[in-house]
Amino acid sequence: MEQFELIAPCHFGLESVMKREVTDLGYEVTRVEDGKVAFAGDAQAIADANLFFRTTERILIRVGEFTATTFDELFEKTRALPWERYIPKDGKFWVAKANSIKSRLFSPSDIQSIMKKAIVNRLGEAYGISWFEETGSSYPIRVSILKDRVTVCLDTTGVSLHKRGYRRQTAKAPISETLAAALLMLTPWKGGRILVDPFCGSGTFPIEAAMMACHMAPGMKRTFLAEEWKNLIPAACWKNAREEAEDLVDRSVKTDIQGYDIDGEVLEAARGNAERAGVTGLIHLQKRPVSELSHSGSYGFIVTNPPYGERLEEKEALPELYRTLGRQFSLLDSWSLYLITAFDGVENCIGRKAAKNRKIYNGMIRAYFYQYPGPRPPKRG
């Protein structure tokens, strides 16, 4: 089967998690760069990656890479790429996104227009036509230019992979499904251990944790753009990936995953999200303030995305909110705490310095992932 170089973009600072996902799925990492991991794979890898990866936004095929400092050079080098290998005669194609950082070519609209013309020119010669009806499948192209180095890719995913298909309603400051999964994977938590999110909002952390616990592939309940690419990916690849995903799900797994929130309407939305995700029986959601955070079990995990204080009146209440979280955490002997927040006074309020502190962007908000790991549970004899 034909081999491709595939790219999985990820959150900056979480490349190690994405790399682990690639190797766990059995594929070879070829390159790791800021915000993306490249790996080698065939058509089956494209289907597998879209269905099974939890922490990337999309799966891209690298069509080519070159240096360009003028628009003429961009045109000629784009035209030189083997577009007929990827886009059929009736394919609908366009440069869906172009971004440029520290490069001489910096106008996204000009980059998009010139590259589209170059591709039309190349395919026109390859197919012996001057007019493209574009009535077939869609082949969106994504371009990134960094320090004059142009990377040209085809997007196999379509709608971003963070849209699993279960979340219809969100809280005021939601965390994306892909980021929640990545942060969970940064912790030592495993499906058989206790997990509590005392600020669960629309339920993303508990739902993603439950999906991990029962080995549910995140892409099971959605479709992907490249399913229509009969010229590149046989239907059997998608069928194989979906059958494997179904076979892996273990709904009999025992879990203790809980989510609390003080907003009853948001909790109802979370319950609806859990039902659509198919994990209702694996998580427990209840209306409960952080001041009542408690659990009789040992060696549990608090993983949460507390309020950041977007409005002035909220900011004034934040110190006490975080002090309350720290106080309740101190009463949970042997537990671990992991939280992502943009609030500056976390360590003072929690009452101790975090063992690790990692900068993470939650959307456009610069936040930090504070890590307070507890002791490891004793090994069973």
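Select D155 first: this residue is buried, with a relative accessible area of 3%, where buried means under 20% relative accessible area, exposed over 50%, and partly exposed in between (1.4 Å probe, protein chains only). The model is predicted, so local features need pLDDT of at least 70 and side-chain atom pairs count only at pLDDT 80 or more, while totals for chains, interfaces and linings use all residues. Residues are numbered from 1 along each chain as its sequence is written, and side-chain values use heavy atoms, with hydrogens and water left out.

D155 is found in strand β7, residues 149-155 (strands are DSSP runs of E, at least two residues, and helices runs of H or I, at least four, numbered from the N terminus).

Next, select T187, in the loop between α5 (177-186) and β8 (195-197), which is buried at a relative accessible area of 6%. Its side chain reaches the backbone oxygen of L184 at 2.8 Å and the backbone nitrogen of W189 at 3.1 Å.

Select D148 and R104, whose closest N and O atoms are 2.9 Å apart; D148 lies in the loop between β6 and β7 and R104 in the loop between β5 and α4 (108-127), so the pair ties together parts that are 44 residues apart in sequence. D148 counts as buried at 9% relative accessibility, whereas R104 counts as exposed at 55%.

In helix α3 (residues 71-79), select E73 and K77, which are four residues apart and therefore separated by about one helical turn; their salt bridge has its closest N and O atoms 3.0 Å apart. E73 is partly exposed, with a relative accessible area of 23%, and K77 is partly exposed at 29%.

Finally, select E5, R31, E33, K36, R62, E65 and R149 together, for these residues are linked in a network of salt bridges. Within this selection, K36 pairs with E33, the closest N and O atoms being 3.5 Å apart.

Definitions and conventions. A polar contact is a pair of N or O atoms within 3.5 Å; within protein, one must be able to donate a hydrogen and the other to accept it, and residues adjacent in sequence count only if both atoms are side-chain atoms. A salt bridge is a side-chain nitrogen of Lys or Arg within 4 Å of a carboxyl oxygen of Asp or Glu.
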